[in-house]
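Subject: Handing over a structure, with notes

Dear colleague,

Please find the sequence and structure below, followed by my notes on what was found.

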Amino acid sequence: MRWTFAMAAFLAMLPSVEAQPIRYLADKQLWVLESGESSYVVGVNELNRLQHVYWGKKLARNEDFAPARSARDFAFESREGMTTEEYPGWGGMRFYEPCLKVTREDGVRDLALKHVSHEIRGETLEIRLRDINDDIRVTLVYRVWPRTGIISRHAVIHNGTKQQVVVESAQSAVWYVPAGDGYRLSHLAGHWAGETQLVREEIQPGRKVIESRRGNTSHQANPWFAIDERGAADEEHGRVWFGALAWSGNWKFVVERTPYSQVRVTGGYNDFDFAYPLKPGESFSTPVFYGGFTAAGFGDASRRMHRFIRDEILPDRAAPRPRPVLYNSWEATTFDVNEAGQKALADKAAKIGVELFVMDDGWFGQRNDDHAGLGDWYVNPKKFPNGLKPLIDHVNKLGMKFGLWVEPEMVNPNSDLYRAHPDWAIHFPGRPRTEGRNQLILNMARDDVKEYIYGLLDKLLAENNIEFIKWDMNRHFTEPGWPNVPPTEQKKIWVKYVNNVYEIFDRLRGKFPRVEIESCSGGGGRVDLGILPRVHQVWTSDNTEAFDRLRIQEGFSFAYAPKVMMAWVTDVPNMNGRSTSLKYRFLAAMQGSLGIGANLNHWKEDDYKLATEMIALYKRIRGTVQHGDLYRLLSPSESDVTANQYVSEDGKQSVVFAFRHSQQYLRPAPTLYLRGLDEKALYRIQPIDDKLIGDQRTVSGSYLMNRGLNLRLGGDFDATAVVVERAE
Ligand code: GLA
């Protein structure tokens, strides 16, 4: 009796088959991956090839799925080529973007991958493939992230043959949406000082390539995409498939629409100038490609990414901490930093409520402008005769943490380091060394260079109470030579460089857990899911002009969490000559992680008063902005009002930011319908000024979401915010 009871209790504790996030349906040779509200299904077809079956909203019954079957062939297309193959090698009759392309030592380039075996371990699935003849193996690694509905995929490629195999294209995944016409692609394009602009276009027959060939992620394109049907999705409704690649080097997405109405997105390492030789027994891995699906529009797609980044990616994911309010002296002083000047700025920053004081470029070597000094990471004795300690102590006594700017991957030809080691710069022998911002790139793919850079950062952090570093990278690759390895190995530079940089971040974070890091590359040139596990925030753009920022920040928010989006309040006129009020600038910057980058020496009493109030307000709402849900109410590219609403995780607080750009005379601002509130709950409305029309101050969630709010936003560049708090 006792035994039976124990057995029954034990069985009751086991999760039901349906509840397991990854299931193998042996009779149909299908794997069902469930993540949040979505399902991803892959199977083995009658040709023993791995085939994509379904990606979309979770389906209720296993019985609904049929086994994978390849498509029909005819003279000009093979069955394989017509089928939604899950990870096609380049070989046989396949004319679309392959996931893997290799050349063997004997010149044979054909690769046909068949299914071998699989293993499920909780939320991870490995499916193993092998070439039909040779021991070239691929392990596809899948993971589900049920809390946010994300699925991740990458591939590990192994050369088990007796000859060298050169990998010429290694993609992380190909994603398929259901066959059909008229899909729309959303992606993020831009340039320096104009990053992450949202671009939308119909997916036409043929290929659309978005990529970086620049050695890092790039300002020009960002590795994120989303697809919806004929523009059928909006912020709140509709099916959206989206993905983001975790790689900070050369990457490529190929978005194809085949003549047979199949849309496919292949992404991974850029195969431009790519060749990765694998000796017998060697393996290598592609970056991780994250993907997600929602049936609830772009807003939900973004919120899933934001939650995923906060809960699963960021270094503080286990115990999220709010980002501090920082001050950065760059726009105030540029290279003209010294102990007295920085102390004076620190005094002023502390008074308005800043928590982290960051000294930017100019503190080291002979760095008086951007022509010299990079590489010489010793404190400039003229500017800081007693080292950094007096300044850091001063900052700490004011109750702030101290942070420092570095650009470790770079060297100016006019530096002691370059004079000692000209061969450390990336170059082709006997060829010009093209400079960008008067600098060259150290070859971080070299382990000796990597160790040297690690050593000096280690020393800097060990000797000083530095609690934050802004890690910059101010140019892209040219003449990507690596002369001290054999020519056949040289193209590995694209991958090895990034992995060695990642390694430095990882080792520093392991050794100095107190130190937080900002990823910067002349603004937002290194923002991706590969760097984000290693840094706490990113510098969104060198363009700090508040209205330009609204569009940059909007695009950013499609892929990345507001918490990591560093935004400064700076002086006007800025960049394009536009002037907005200090309040407008604060409200624009308060939609991410707030920083101040203005020259505080020029501020008047009123500016200090307003700044103190706005920073106090920010501290009251930052939990909601940084850890809450974002609803984009009105877009700067579609309306003359931009409005964004954030709702805290516990639903108790919400904040709405609204900005007017170019008002048609007398035309009122559109009604703002809030979202994400509890219809039945009561909320207290707390406007930050007199721009809320009407006197109601306690209303239901239903009122806020259906009747909405009206704001008196007049003229150009007016702005306000409204805080809403649950009344119970
Ligand atoms: C880059 C950064 C700026 C600043 C300068 C310093 O442009 O994006 O914020 O740090 O370098 O030279």
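Predicted model: local features only at pLDDT ≥ 70, side-chain atom pairs only at ≥ 80, totals over all residues.

Residues are numbered from 1 along each chain as its sequence is written, and side-chain values use heavy atoms, with hydrogens and water left out.

Helix α8 covers residues 447-463, and its 17 residues reach 24 Å from the first C-alpha to the last, close to the 24 Å expected at 1.5 Å a residue, where the expected span is 1.5 Å times one less than the number of residues. Its buried residues are V449, K450, I453, Y454, L456, L457, D458, L460 and L461.

The side chains of D447 and K496 meet in one of them, at 3.3 Å from N to O; since D447 lies in helix α8 and K496 in helix α9, the pair ties together parts that are 49 residues apart in sequence. D447 is partly exposed at 38% relative accessibility, and K496 is partly exposed at 25%. R507 forms another salt bridge, with E451, and the closest N and O atoms are 3.1 Å apart; this pair links distant parts of the chain, with R507 in helix α9 and E451 in helix α8, 56 residues apart. R507 has a relative accessible area of 28% and is partly exposed, as is E451 at 36%. Through shared partners, salt bridges join D447, K450, E451, K496, E503 and R507 into one network.

By the same rule, the count of salt bridges comes to 67. One of these joins the side chains of R49 and E85, at 4.0 Å from N to O; R49 lies in the loop between β3 (38-44) and β4 (50-57) and E85 in the loop between α2 (79-82) and β5 (100-104), so the pair ties together parts that are 36 residues apart in sequence. R49 is buried, with a relative accessible area of 10%, and E85 is buried too, at 5%.

Helix α6

In helix α6 (residues 389-397), the residues L391, I392 and V395 are buried. They cover an arc of only 95° around the axis, which puts them on the same side of α6; the arc is that of the directions from the helix axis to the C-beta atoms. On the other side of α6, K389 and K397 are exposed, whereas the cover over the buried residues includes α5 (339-352), β22 (356-359) and β23. Just after α6, G399 takes a positive phi of about 90°.

Backbone points to check

The peptide bond from V572 to P573 is cis, with omega near -10°, and P573 is found in the loop between β29 (565-569) and α11 (582-589). R230 has a positive phi, near 45°, in a residue other than glycine; R230 is placed in the loop between β14 (221-229) and β15 (240-246) and is exposed, with a relative accessible area of 64%. S261, likewise a residue other than glycine, has a positive phi near 60°; S261 lies in the loop between β16 and β17 and counts as buried at 19% relative accessibility.

A buried glycine

G292 is placed in strand β20 (residues 288-294) and counts as buried at 1% relative accessibility. Leaving aside neighbours within four places in sequence, G292 is in contact with W55, G149, I150, V240, W241 and F242. The C-alpha atoms of G292 and W55 are separated by 9.0 Å, although these residues are 237 apart along the chain.

Technical notes. Helix = DSSP H or I, 4+ residues; strand = E, 2+ residues; numbered from the N terminus. Buried < 20%, exposed > 50% of the residue type's maximum accessible area, 1.4 Å probe, protein only. Contact = heavy atoms within 4.5 Å.
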